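I opened my notebook to write down what I looked up, one topic at a time.

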There are 2 protein chains.
Amino acid sequence: MSKKVLVVGGVAGGATTVARLRRLDEDVEIILFERGEYISFANCGLPYYIGGTIESRDALLVQKPEAMKKRFNIDVRTKNEVLKIYRDDKEVEVNDLNTGNIYRESYDILVLSPGSTPLKTPIPGIDAPNIFSLWNIPDTDTIKGYVEKKCPKKAVVVGGGFIGLEMAENLHALGLEVSIVEMLNQVMAPLDFEMAEIVHEHIESKGGELHLGDGVKKFEYKDGKTYVILQSGISIETDLVILSIGVRPNSQLAKDAGLDVNERGGIVVDEYLRTSDRNIYALGDAIEVVDFVNENKTMVPLAGPANKQGRIVAGNIAGRNEKYNGTQGTSVAKIFDITVATTGNNEKTLNRLGKKYKEDYLISFIHTKSHAGYYPQALPLTIKLIFDLKGKVLGAQIVGYDGVDKRIDVLATAIRFGGTIYDLKELELAYAPPYSSAKDPVNMSGFVAENILNGDVEPILWNEIKDLDKEKIIILDVREEVEREIGYVEGSINIPLDELRDRMDELDKDKTIIIYCAIGLRGYIGARILKQNGFKVKNFCGGFTTYKNLFC
Amino acid sequence: MSKKVLVVGGVAGGATTVARLRRLDEDVEIILFERGEYISFANCGLPYYIGGTIESRDALLVQKPEAMKKRFNIDVRTKNEVLKIYRDDKEVEVNDLNTGNIYRESYDILVLSPGSTPLKTPIPGIDAPNIFSLWNIPDTDTIKGYVEKKCPKKAVVVGGGFIGLEMAENLHALGLEVSIVEMLNQVMAPLDFEMAEIVHEHIESKGGELHLGDGVKKFEYKDGKTYVILQSGISIETDLVILSIGVRPNSQLAKDAGLDVNERGGIVVDEYLRTSDRNIYALGDAIEVVDFVNENKTMVPLAGPANKQGRIVAGNIAGRNEKYNGTQGTSVAKIFDITVATTGNNEKTLNRLGKKYKEDYLISFIHTKSHAGYYPQALPLTIKLIFDLKGKVLGAQIVGYDGVDKRIDVLATAIRFGGTIYDLKELELAYAPPYSSAKDPVNMSGFVAENILNGDVEPILWNEIKDLDKEKIIILDVREEVEREIGYVEGSINIPLDELRDRMDELDKDKTIIIYCAIGLRGYIGARILKQNGFKVKNFCGGFTTYKNLFC
Ligand SMILES: Cc1cc2nc3c(=O)[nH]c(=O)nc-3n(C[C@H](O)[C@H](O)[C@H](O)COP(=O)(O)OP(=O)(O)OC[C@H]3O[C@@H](n4cnc5c(N)ncnc54)[C@H](O)[C@@H]3O)c2cc1C
Ligand SMILES: Cc1cc2nc3c(=O)[nH]c(=O)nc-3n(C[C@H](O)[C@H](O)[C@H](O)COP(=O)(O)OP(=O)(O)OC[C@H]3O[C@@H](n4cnc5c(N)ncnc54)[C@H](O)[C@@H]3O)c2cc1C
Ligand SMILES: CC(C)(COP(=O)(O)OP(=O)(O)OC[C@H]1O[C@@H](n2cnc3c(N)ncnc32)[C@H](O)[C@@H]1OP(=O)(O)O)[C@@H](O)C(=O)NCCC(=O)NCCS
Ligand SMILES: CC(C)(COP(=O)(O)OP(=O)(O)OC[C@H]1O[C@@H](n2cnc3c(N)ncnc32)[C@H](O)[C@@H]1OP(=O)(O)O)[C@@H](O)C(=O)NCCC(=O)NCCS
């Protein structure tokens, strides 16, 4: 007799599981339950449909129930909510929302891919009719309908995560004035602060208004407008609010059934994605995963992992022993004209785990170009690479205009292989002028990292300079004189790099020289010259570009 | 006393060596000899300057002699040709082409980065005044000057390698009618034939004329025009010829000095890039390298390796033990609107080494999209992945419009780490709709490879179908009926995939079913259905898209 498999949740994780399972096994009986009206929709495309970049609503519906039946012989039951799991009976209780009929369905194997739900904290006034969350097709229809009917002029996005920022961009594209409110001092939490500052500057340059380090105290709705009152007292009048302050896993079903769930509500699974009940698998946003880099437990609500896990769960149901080896949190987002991408651990995560800069990890920080400078449209690219004292790559963050996704994917790949900065130096990446440089930015990150790890140059980071004793240092600007016209570090003296060999006797050997240039490259060359001539010298990472971003 | 280092060749390899060496060691005396007028120029940018994409000639000169002196304290001697190496005396003989003065210079360490020279075979008429090669700045000036002065209407490019095709594109951009003559049956030798066919089609769609499998017999120059007479008898009238038929290493100097040189003229070096004389290093186009994948000796004239080798040579001179671990031949080229990229070994190379399809390696071949289909401008991307029977990735070829360079870099990285197709499945690459799909094309290549390796589906390649016994097979088209309007395989029957489960009794179980769809995906799903129902079935790789490309 063939197996009977029930799957709860019909989008990224669930739909992928059933498609793969059918390919592996023609005989198994498969029922897919989805409480919403739609399965297999492109969650990630929703902001772009609202903004008009994706024109056709139909394009969002990647697979439809009837097609799923025909192609994969799946019994798809939309508007059917699974209410309860009777583990002892191996049955679930289902509410057919079409009819109100509540029924039971038996299983040999149960799969949970129920996803997550956007948080809606009990802020006063949160139920105003122009406050929305974006999570699924009905949400999308509501927001798009509201925008088309009411022609709002102003929007406030609460929450500076990637969905919030994608919405900000898309509403801006529709001509709305957009303000972003974020409780933390930065948007895009996977970035460290100095990287997020580049994003802040970009959003503001596009006309976006940022309220950082400020939370919403309350919403006041009056005459079709909402006033967003912040903790700081600031009040923003707006026609529309998008709430995007995080998600929580839909794990009540699992919890009620007595399955192990962590304190954040994540369903606990083993490396085969099996829950604490061997007949029940779980995947996607709702589960706890192993952080591939630091090996702690974490939760990473992203589509890539959900899709991969779906394929693994199907494989395991079909009797193939497939392991899920953890999530590294590789992500990318388009934010207006820039791209922001991360993989692995950032400094904040490492610090939270008690890891310390210089004792446990080091940083290679470069501003470079997307491709060879002599080929048109070589655009700025900033890479922050974090590695341990043996050189093992722990994480990377990239912000830029072009080629960001490429470099993060290369670094994500290197991390998957447990790669070191020595490997990065060696990577033989494709070069022709429209695409890269003969030394790709990833190689360059490796070179810079090696120089630091070898002790050939001592870096100094943006957050270390406040601790310097002004009496004991010289701030040396090795840019050309004309470059100082766009600004310079207060108190710095200027010796252009190319004059340094001849003029170094102007410098006091008893002091520590903090050297800087525009981005860090000339500073490094200068530091090498000085160091070999007996000076104590530190190169300011990121140069004046970073300094200006953070302090001017 | 400090060391004295002489470097022969002042561009990619040589200039990088001296810059890094100076950073490592302030004291060493460094002299850089360059027989040409320019050092550190952007070879790779030359075609784009001729075509006008790069506007400023000055942009091509990445570093100039005076700047190199000031910044790196290098004694740069342009128009100084090294004529001879006196290894016993540790001296070189130099011709100062500025003065005609011939002098000697001693060394502790000598570095050879003399590059290569474009081949100019003794074809009758090859010295006509409108036949050019492109290799350096003077060549560029000559060609650009000729184009500007003579306003040629037609050009013939002899040789379909990447430089030839870049020139074809750039001359086309200037409004010339371009023909390409190539002795092999395909352009872009690093591609296998079926991949090159995509390039052929694209070039023709852009108005380029291709003469494949045809060599030049002679050139006849008359009244400012050259007639290119091919072996086939075809005569092409043209105003301009670009010769780009390959390169040979500039290794005469090394050979004359008794250094080991291979039969193709490549200077033999050890893993530290030392020649057979421990005091002489060599790098760049002129050396023999180890093929990173098959471990045989080969020659790979590319800028990325030359630059990396330069850094290693400098390190070794400075007493750091750095190894060069071989070249995998990662490359990319923009050819009109498409991008072509390769890494590792192609099938031709494997076959030349005696490796056989199915016995030694397998192939995953997919047509996919650059990013999520529902986001605008998702463009075709074709990936050919070659892996051995344990799953180890041996090579990849990609042709497409967007995101080609990204995927080749990810695959190149995986190859560097000795990765398998199982690793490719797992790679956690960055996904948001503008950049990729939740299952990135690289993951997808891994999935397809796994299905083949596991025996879940038996693929059949384009070059296997001619051997089929028509009596023993059924060609089954599982596309929708309407799709057959754009063409179909002669003799195929049509059962749309979604009807297959109901209609499979129309098929004869004694025959082998060759299934195909548009790209291979539905064919695979159909193959799984049939196989599990007891049919013998093979899925045609690349589907009708590939079939049409090759046979229609
Ligand atoms: C606007 C937006 C943009 C995004 N952009 C990106 C992006 O660019 N890149 C990226 O990697 N990720 C992105 N994501 C996240 C990604 O979509 C999710 O990580 C992924 O969909 C999770 O898959 P899942 O199967 O766990 O959950 P989902 O895909 O959310 O599917 C869960 C489904 O289960 C159903 N369900 C829950 N409980 C029950 C029940 N009891 N009975 C029946 N059905 C039930 C729900 O209705 C839901 O449809 C985005 C998400 C959103 C909302
Ligand atoms: C048009 C063109 C486009 C290219 N595009 C790409 C690309 O997109 N991607 C890529 O990876 N590669 C590309 N290349 C190849 C790349 O430029 C070479 O692989 C690289 O420059 C090799 O470095 P090298 O140091 O070995 O030689 P070169 O950079 O060629 O330098 C060698 C120098 O040595 C000098 N020299 C030789 N003998 C002597 C002597 N006896 N005394 C003094 N000087 C001497 C020569 O004059 C020459 O300037 C391209 C090359 C060309 C010509
Ligand atoms: C639509 C959906 C059900 C498709 O699932 P799927 O069938 O597993 O995925 P795809 O259509 O991408 O097909 C992948 C399969 O085709 C195979 N394949 C792809 N190209 C192929 C080719 N050229 N030749 C042969 N096989 C091919 C792959 O090997 C894979 O099969 P496998 O898993 O059995 O190895 C699922 O992806 C989905 O619901 N997506 C929308 C929801 C979502 O993911 N949201 C979040 C992101 S917006
Ligand atoms: C111009 C040329 C001499 C420069 O060589 P180079 O100084 O080694 O290379 P770059 O200018 O890219 O600088 C790289 C160095 O800067 C360092 N660096 C780069 N960015 C940095 C940053 N932000 N902070 C600190 N250091 C940085 C790197 O670590 C590397 O130093 P290292 O090798 O000592 O580790 C050489 O590349 C050249 O001649 N190029 C033109 C010819 C050519 O390559 N042609 C073929 C391609 S078209």
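**Ground rules.** I am reading a predicted model, where local features need pLDDT of at least 70, side-chain atom pairs count only at pLDDT 80 or more, and totals for chains, interfaces and linings use all residues. Residues are numbered from 1 along each chain as its sequence is written, chains are lettered from A and ligands numbered from 1 in the order in which they are written, and side-chain values use heavy atoms, with hydrogens and water left out.

**Entry 1: A:Glu29.** I found A:Glu29 in strand 2 (residues 29-34) of chain A. Helices (H or I, at least four residues) and strands (E, at least two) are DSSP runs, numbered from the N terminus. A:Glu29 is partly exposed, with a relative accessible area of 39%; buried means under 20%, exposed over 50%, and partly exposed in between (1.4 Å probe, protein chains only). I then looked for its contacts beyond four places in sequence and noted A:Ser2, A:Lys3, A:Lys4 and A:Val5, where contact means heavy atoms within 4.5 Å. From A:Glu29 to A:Val5 the C-alpha distance is 6.0 Å, although 24 residues separate them in sequence.

**Entry 2: aromatic rings.** My search of the whole structure gave 17 aromatic pairs over all chains. Rings of Phe, Tyr and Trp (its six-membered ring) pair if their centres lie within 6.5 Å; planes under 30 degrees apart count as stacked, over 60 as edge-to-face and the rest as tilted. A:Phe193 and A:Trp462 make a tilted pair, 5.6 Å centre to centre with 40° between the planes. This pair links distant parts of the chain, 269 residues apart: A:Phe193 is in helix 6 (residues 193-205) of chain A, and A:Trp462 is in the loop between strand 26 (459-460) and strand 27 (473-477). A:Phe193 is partly exposed, at 21%.

I also noted A:Tyr375 and B:Tyr48, an edge-to-face pair at 5.0 Å centre to centre and 90° between the planes. That pair crosses between chains, with B:Tyr48 in helix 2 (residues 46-51) of chain B. A:Tyr375 counts as buried because its relative accessibility is 10%, and B:Tyr48 counts as buried at 1%.

A:Tyr516, A:Phe540, A:Phe544, A:Tyr547 and A:Phe551 form one aromatic cluster. A:Arg479 lies over the face of A:Phe544, 4.6 Å from the ring centre. A charge sits over a ring if NZ of Lys or CZ of Arg is within 6 Å of the ring centre and within 35 degrees of the ring normal.

**Entry 3: ligand 2.** Which chains does ligand 2 lie between? I found it between chains A and B. It is surrounded by 31 residues, B:Gly13 and B:Ser113 being among the closest; a residue is near if one of its heavy atoms lies within 4 Å. A polar side-chain atom of B:Ser113 is 2.8 Å from an oxygen atom of ligand 2. The protein buries 95% of the 990 Å² that ligand 2 exposes when taken alone (Shrake-Rupley method, 1.4 Å probe; for residues, only the protein chains shown count as cover).

**Entry 4: ligand 4.** Why is this site shared between chains? Residues from chains A and B surround ligand 4, so the site is shared. Of the 30 residues around ligand 4, the nearest include A:Lys439, A:Tyr524 and B:Arg23. A polar side-chain atom of B:Arg23 lies 2.7 Å from an oxygen atom of ligand 4. Helix 1 of chain B gives the most to the shell around ligand 4, with 6 residues.

Terms used
A polar contact is a pair of N or O atoms within 3.5 Å; within protein, one must be able to donate a hydrogen and the other to accept it, and residues adjacent in sequence count only if both atoms are side-chain atoms.
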